[in-house]
Amino acid sequence: MTQVVSKRSGADGDDVVLLAVPASPAYLGVLRTATAGLAARLQFTLDEIEDLRIAVDEACAMLLAVASETPQLGDTVELACRFTVTPDALTVETTVPLGSPEERLPGGESFAWQVLSALADEVSATVDGHQASIRLTKRRPT
C-alpha cells in the first residue's frame with residue numbers, strides 16, 4: 001500500500017510529505033520519483049536531483065538489507081519515508097522495522113556510507129532495536 005499525506009507542520013510552515021511503500025526493491029522507484037519532484041520544487045540542478053535520487057536509493061537499499069520480513073501491523077512490512085521541504089533544503093528520512101534487534105547498518109567506512117556522504121550534505125543513521133532510520137539532507141544551491 002502506498003500512502004501520501006501532505007501537511008503543514010509547525011509555525012515555520014515546512015511542507016512534510018509522508019510516503020509508505022512495501023519494503024521491496026520493486027517500490028524504490030516510487031521513492032526516487034517523489035524525491036526528484038520535491039527536489040525540483042527547490043530548484044536543484046538536474047545533477048543535484050540525480051545525486052539525491054541515488055542517495056535515497058542507496059539509503060533504502062541499506063535499510064532493506066536489515067528490514068524485518070514479518071509485518072508488525074497490517075499485511076506487509078513497510079518502508080516509510082518522510083520528506084521535509086524547507087525554504088532552503090530537502091530532508092529525507094527513511095525507516096524500516098528491523099529483522100532482529102541485533103541487526104546493524106553498515107559502518108561509516110563502508111562503500112555504501114561513503115556514497116551517501118558524497119551525495120548529500122548531511123547524513124545520519126539510527127538503530128533503536130526495533131527500527132532503523134537513515135536521514136539525508138540536501139541544501140538548496142545558493
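Mentor: A word on contact: it means heavy atoms within 4.5 Å. Helices (H or I, at least four residues) and strands (E, at least two) are DSSP runs, numbered from the N terminus. This is a predicted model, where local features need pLDDT of at least 70, side-chain atom pairs count only at pLDDT 80 or more, and totals for chains, interfaces and linings use all residues. Residues are numbered from 1 along each chain as its sequence is written, and side-chain values use heavy atoms, with hydrogens and water left out.

Trainee: What covers the buried residues of helix 1?
Mentor: The cover includes strand 2 (14–22), helix 2 (46–66), strand 3 (78–85) and strand 4 (89–97). Buried means under 20% relative accessible area, exposed over 50%, partly exposed in between (1.4 Å probe, protein chains only). In helix 1 that label goes to Leu-28, Leu-31, Thr-35, Ala-36, Leu-38 and Ala-39.

Trainee: How do you know that the span of helix 1 agrees with its 14 residues?
Mentor: The expected span is 1.5 Å times one less than the number of residues. For residues 28–41 that comes to 20 Å, and the end C-alpha atoms are 20 Å apart, so the two agree. Just past helix 1, Gln-43 has a positive phi of about 60 degrees.

Trainee: Why is Thr-95 called buried?
Mentor: Its relative accessibility is 15%, so Thr-95 counts as buried. Thr-95 sits in strand 4 and touches, among others, Leu-63, Leu-79 and Ala-132.

Trainee: What makes a polar contact between the side chains of Thr-95 and Ser-133?
Mentor: The term needs a pair of N or O atoms within 3.5 Å; within protein, one must be able to donate a hydrogen and the other to accept it, and residues adjacent in sequence count only if both atoms are side-chain atoms. The Thr-95 to Ser-133 pair is at 2.8 Å, and it counts as a polar contact.

Technical notes. Lists of a residue's contacts leave out its neighbours within four places in sequence.
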